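Morning, everyone. I'll keep this brief. Have a look at the model first, then we'll walk through a few spots.

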Amino acid sequence: MIQTLFFSRKLNVIIVLIITILATLVGYFSIGLPPVIIVGGSAVIAFICWQKTYLSHPTHPSLILPLFVLTVAALQVHIIEEYQTGFAPSMSRLFGIPWGEKKFLLIFALVGPTIYTLTTLGLYYRIPIAGFVAWFIFIGPGVAEFTHFIFPLIQPDMLPNDPHVITDSISGEVIENMPNYYFKTTGNYYFPGMWTAILPMIPGCISIYKLFVIKKKNP
């Protein structure tokens, strides 16, 4: 039963689809649509790449594990900058969504690292679902982090012309210390996490390239 659960391709596909759909719905109702578009889009692309590569021929741990660990380590450094500069409240002000520091820390500092740790174990044993998580990390931080360079150009949903930090209620939840990083208002081209966004992108993009090269050599 355990072997069937971990290694059955069809069952892993079903599990991944259920997790992706549920995570998207939970994210939509708890945070809002804009972050879900980015995360959900990354999950869809990761699912396609995973099916074409790891699901049929699990990559040897000696190759994928170092790539995954490097990408995750770079991602955590990136998250430090996001936390220090107020990424969550900035996103709340930008899109008018209730995303405070507590939710940010819960997802990125607690739940995320737990999943990453279990994924390293899964990649070692070539468990298919672990390959999906790895692909999601490669696609998300590997590609989607470029959105940080777009955010300063988007007009905030809340008081776009006010450069001051504000505290307000969004969907019944009080979000404190929401800064404004709108370029036209501040004159500074920056958004939380922008300077370190490239760090996970480098190993992430290299991972995508290498995994598809391997797939091409072993169709």
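Start at the hairpin of strand 1 and strand 2. It has 2 residues between the strands, and S171 there takes a positive phi near 55°. Bear in mind that this model is predicted. Strand 1 covers residues 166-170, strand 2 covers residues 173-178, and the two run antiparallel, joined by 4 bridges. Across the pair, D168 stands opposite I175.

Next, the aromatics. The whole structure holds 19 aromatic pairs. Take W99 and F104: ring centres 6.1 Å apart, planes at 55°, so that pair is tilted. Both W99 and F104 are buried. F104 also pairs with F108, with centres 5.1 Å apart and planes at 50°, so this pair is tilted. Those two residues lie in helix 6, 4 residues apart, about one turn of the helix. Their accessibility is worth noting. F104 has 1% relative accessibility, so it counts as buried. F108 has 24%, which makes it partly exposed. One aromatic cluster takes in W99, F104 and F108, with F151, Y181 and F191 also among its members.

The largest cavity holds about 40 Å³. Its lining includes F151, Y181 and F191, along with R93 and N180. By type, the lining divides into 7 nonpolar residues, 2 polar and 1 charged.

Note on methods. Residues are numbered from 1 along each chain as its sequence is written. This is a predicted model: local features need pLDDT of at least 70, side-chain atom pairs count only at pLDDT 80 or more; totals for chains, interfaces and linings use all residues. Side-chain values use heavy atoms; hydrogens and water are left out. On a 1 Å grid over the protein atoms alone, a cavity is a set of points where a 1.4 Å probe fits but cannot get out, and a pocket is an open set with protein on both sides within 12 Å along at least five of seven lines; lining residues have an atom within 4 Å of a point. Grid points are joined across faces, edges and corners, and a volume is the space filled by probe spheres set on the points. Ala, Val, Leu, Ile, Met, Phe, Trp, Tyr, Cys and Pro count as nonpolar, Asp, Glu, Lys and Arg as charged, and the others, Gly among them, as polar. Two strands pair if DSSP finds at least two bridges between them. Rings of Phe, Tyr and Trp (its six-membered ring) pair if their centres lie within 6.5 Å; planes under 30 degrees apart count as stacked, over 60 as edge-to-face and the rest as tilted. Buried means under 20% relative accessible area, exposed over 50%, partly exposed in between (1.4 Å probe, protein chains only).
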